[in-house]
Amino acid sequence: MRASMRNTAMATATETIRQKVHQLADALPSDATWQDVRYQVELRASIERGLADSEAGRTTAHEEFLKSLALPN
């Protein structure tokens with residue numbers, strides 16, 4: 001999607017889901033498909049889950065993750 005749509009779709013924490021959905025819909029291009037809508041909703045939900053995990057300290061350092069894979073050199 002366009003960069004302007006990504007910026008518009010992101011909202012503050014005090015907004016309701018209904019407000020966020022309206023902003024997302026308003027940012028969609030006129031030729032958007034249902035697949036575009038689904039993608040944007042899933043993307044937004046994924047970003048918000050990630051931000052919540054980060055704020056709650058539920059993250060793993062990149063180096064630790066790579067070590068946990070135990071890939072051969």
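Author: Start with G57. This residue follows helix 3 and has a positive phi, near 80°. Keep in mind that the model is predicted.

Reader: What makes the span of helix 3 close to the expected one?

Author: Helix 3 covers residues 34–55, which is 22 residues. From first C-alpha to last, helix 3 reaches 32 Å. At 1.5 Å a residue, 32 Å is also the expected value.

Reader: Where is confidence lowest, and where is it highest?

Author: Helix 1, residues 3–9, is lowest, at a mean of 47. Helix 3 is highest, at 96. Over residues 4–9 the pLDDT is below 50, and this stretch has eight contacts beyond near neighbours in sequence. For the protein, the mean pLDDT is 86. Of its residues, 81% reach 70 or more.

Reader: Why is F65 called partly exposed?

Author: Because its relative accessibility is 44%. Buried means under 20% and exposed means over 50%. The 44% of F65 falls in between, so F65 counts as partly exposed.

Reader: What makes helix 4 hardly covered?

Author: The count of buried residues. Among the eight residues of helix 4, that count is zero.

Reader: What follows helix 4?

Author: A70, with a positive phi near 50°.

Definitions and conventions
Residues numbered from 1 in each chain as written. Predicted model: local features only at pLDDT ≥ 70, side-chain atom pairs only at ≥ 80, totals over all residues. Heavy atoms only, no water. Helix = DSSP H or I, 4+ residues; strand = E, 2+ residues; numbered from the N terminus. Expected span 1.5 Å × (residues − 1). pLDDT = per-residue confidence, 0-100. Contact = heavy atoms within 4.5 Å. Buried < 20%, exposed > 50% of the residue type's maximum accessible area, 1.4 Å probe, protein only.
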